[in-house]
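Me: I would like to go through this model by asking what stands behind each label. Please set each value against its cut-off before you conclude.

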Amino acid sequence: MKIYRITQYILIAICWFAFQNAQAQGENQTLILSGVIITGKKAEPVPGAHVYIPKAGRGTTSTVIGSFGLSVVPGDSVAITSVGFKPHYYRVPYDKTDNMSVVIELTEDVQMLDVVEVFPYPTEEIFKERLLALELPDEEVMQTLRKNLSQQILTKMAINMGMDAGANHKYYTNQYAVNMGNRFMAPSLSLLNPFAWARFFQSLKRKKKKKK
């Protein structure tokens, strides 16, 4: 009889814990958190930003226009991070029962470095001596300098110059956001893409040169 009673108590305890767990899961209803990530006074979108729930171990990234969508549970803490911006954290309210949309504004993480002055000469006296002994360029050299510094040549150099670090980073983040947004879609045809045709003709020319 004692063993029978002990078995009954154990079964009752298991059923009670199972009921509490089911009740807790019923309270934690899954919602859809959607929104847009922006920055700056002009509300520019932030593509490729990471929207992550550390406790749940899941997340997503923002698209080219800064939009995102993620399944959450009331009470989740969502971390929004991106390169060049300060991390932002958003807490889903506990009393939310419907899907919700938010606008997340990120602040740029700007760090000012100390000014470093570089002098080619160790002392002021040596600099003065070298300056006084400096030979000024003749007229031919001055004409060459004026020609190289003309507005027309500088404009041509600016047009032919490649992208800087900031432009490369922006292009990379945009491409990454596009690839992440289209990762579940079928690849599109490039028949109407002029850049794809240009790459195709360049590859043909390279093959002809190799054969020669």
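Me: Which residues make the nonpolar surface patch, and what makes it a patch?

Reply: This is a predicted model, in which local features need pLDDT of at least 70 and side-chain atom pairs count only at pLDDT 80 or more, while totals for chains, interfaces and linings use all residues. Residues are numbered from 1 along each chain as its sequence is written, and side-chain values use heavy atoms, with hydrogens and water left out. The patch is made by Trp-197, Phe-200, Phe-201 and Leu-204 and covers about 380 Å². A patch takes residues with over 30% relative accessible area and no salt bridge, joining nonpolar side chains (Val, Leu, Ile, Met, Phe, Trp, Tyr) within 5 Å and like charges within 9 Å. Areas come from the Shrake-Rupley method with a 1.4 Å probe, and for residues only the protein chains shown count as cover. Trp-197, placed in helix 6 (residues 194-211), has a relative accessible area of 38%.

Me: Why is Trp-197 called partly exposed?

Reply: Buried means under 20% relative accessible area and exposed means over 50%, with partly exposed in between (1.4 Å probe, protein chains only). Trp-197 is therefore partly exposed, because its value is 38%. Of the 212 residues in the chain, buried ones make up 17%.

Me: How do you know that Asp-76 and Arg-58 meet in a salt bridge?

Reply: The term asks for a side-chain nitrogen of Lys or Arg within 4 Å of a carboxyl oxygen of Asp or Glu, and the N to O distance for Asp-76 and Arg-58 is 3.8 Å. The pair links distant parts of the chain, with Asp-76 in the loop between strand 5 (67-72) and strand 6 (77-81) and Arg-58 in strand 4 (residues 58-61), 18 residues apart. The structure holds one salt bridge.

Me: Are Asp-76 and Arg-58 buried or partly exposed?

Reply: Asp-76 is buried because its relative accessible area is 10%, whereas Arg-58, at 29%, counts as partly exposed.

Me: What lines the largest pocket, and what makes a residue part of that lining?

Reply: The largest pocket is lined by 21 residues, of which Val-46, Pro-47, Phe-85, His-169 and Thr-173 lie nearest its centre. The elements that give two or more residues to this lining are strand 2 (44-45) and helix 5 (165-181), and helix 5 gives the most, with seven. On a 1 Å grid over the protein atoms alone, a pocket is an open set of points with protein on both sides within 12 Å along at least five of seven lines, unlike a cavity, where a 1.4 Å probe fits but cannot get out; lining residues have an atom within 4 Å of a point. Its volume is about 590 Å³, taken as the space filled by probe spheres set on the points, which are joined across faces, edges and corners.

Me: What makes Ala-43 stand out in its phi angle?

Reply: Most residues other than glycine have a negative phi. Ala-43 has a positive phi, near 55 degrees, and is a residue other than glycine. Ala-43 lies in the loop between strand 1 (31-39) and strand 2, and counts as partly exposed because its relative accessibility is 39%.

Me: How many helices and strands does the chain have, and how are they defined?

Reply: The chain has six helices and eight strands, where helices (H or I, at least four residues) and strands (E, at least two) are DSSP runs, numbered from the N terminus.
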